[in-house]
Amino acid sequence: MLKITRKDYESLCHHGEETYPHECCGVLLGQMDGDVRSVAFIARCGNTRIDSPQNRYNIDPRELVRIQREGRERGEDIIGFYHSHPDHPAQWSPTDLAEAHWFGCSYVITCVEKGKAVLTNAFELTGSDENDKKLVDEKIELA
């Protein structure tokens, strides 16, 4: 389960609206307690994809390392990632699965239709390696 405050939830939805018609992306930081990931901080990232930012995203590895370092200084770990799907369902795509590598993390997707965030879903990356990984539905609990 992913626990997130209403303020942070709305923030990631607004991020998708602001970057429309391109995908937004960011990192979720917080704590993990069993199967519960609790978001303490959302780090907005720049989408570095220049070939197809309307349906793909990439987070610069240097930005990710900086975010991870800053989170650790606050006692937080990377517990997930988020991005938007402009005019496409809030469902993971084959590309999303292929590019997901952080096992045990949440992957949050917001559908942004005509500039308005309409639905957000979360998925957990499960499996033991790249050959058996899956994105499975995850409940979002607003705190």
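This report describes the sheet, the helices and the nonpolar cores of a predicted model.

## Basis

The model is predicted: local features need pLDDT of at least 70, side-chain atom pairs count only at pLDDT 80 or more, and totals for chains, interfaces and linings use all residues. Residues are numbered from 1 along each chain as its sequence is written, and side-chain values use heavy atoms, with hydrogens and water left out.

## The sheet

Helices (H or I, at least four residues) and strands (E, at least two) are DSSP runs, numbered from the N terminus. Two strands pair if DSSP finds at least two bridges between them.

An open sheet is formed by 8 strands. Their order is β7-β6-β5-β4-β2-β3-β1-β8, with mixed pairing. On average, neighbouring strands are turned by 35° against each other, direction ignored. Axes here are lines fitted to C-alpha atoms, for helices over the stretch in contact; angles run from 0 to 180 degrees between N-to-C directions.

Strands β5 and β6 run antiparallel and are joined by 8 bridges. C111 stands opposite L119 in β6.

## Helix α1

Helix α1 covers residues 6–19. It lies across β1 (2–4), β2, β3, β4, β5, β6 and β8, at about 35° to β3. The expected span of a helix is 1.5 Å times one less than its number of residues. For the 14 residues of α1 that gives 20 Å, and the end C-alpha atoms are 20 Å apart, which agrees.

Buried means under 20% relative accessible area, exposed over 50%, partly exposed in between (1.4 Å probe, protein chains only). The buried residues of α1 are D8, L12, C13, H15, G16 and E17. Their cover includes β1, β2, β3, β4, β5 and β6.

## The cores

A nonpolar core is a set of buried Ala, Val, Leu, Ile, Met, Phe, Trp, Tyr and Cys residues joined through side-chain atoms within 4.5 Å. The largest one has 21 residues. V27, I59, F81 and Y107 have the most contacts inside it. Elements giving two or more residues include β2 (25–33), β4 (77–86) and α2 (61–73). A second, separate core of 14 residues includes L12, C13, V108 and V112.

Contact means heavy atoms within 4.5 Å. Beyond its neighbours within four places in sequence, Y107 is in contact with several residues, among them F81, W102, F123 and L135.

## E63 in helix α2

E63 is found in helix α2. This residue is buried, with a relative accessible area of 18%. Its side chain reaches the backbone nitrogen of G46 at 3.5 Å. Leaving aside neighbours within four places in sequence, E63 is in contact with R44, C45 and G46.

Definitions and conventions:
A polar contact is a pair of N or O atoms within 3.5 Å; within protein, one must be able to donate a hydrogen and the other to accept it, and residues adjacent in sequence count only if both atoms are side-chain atoms.
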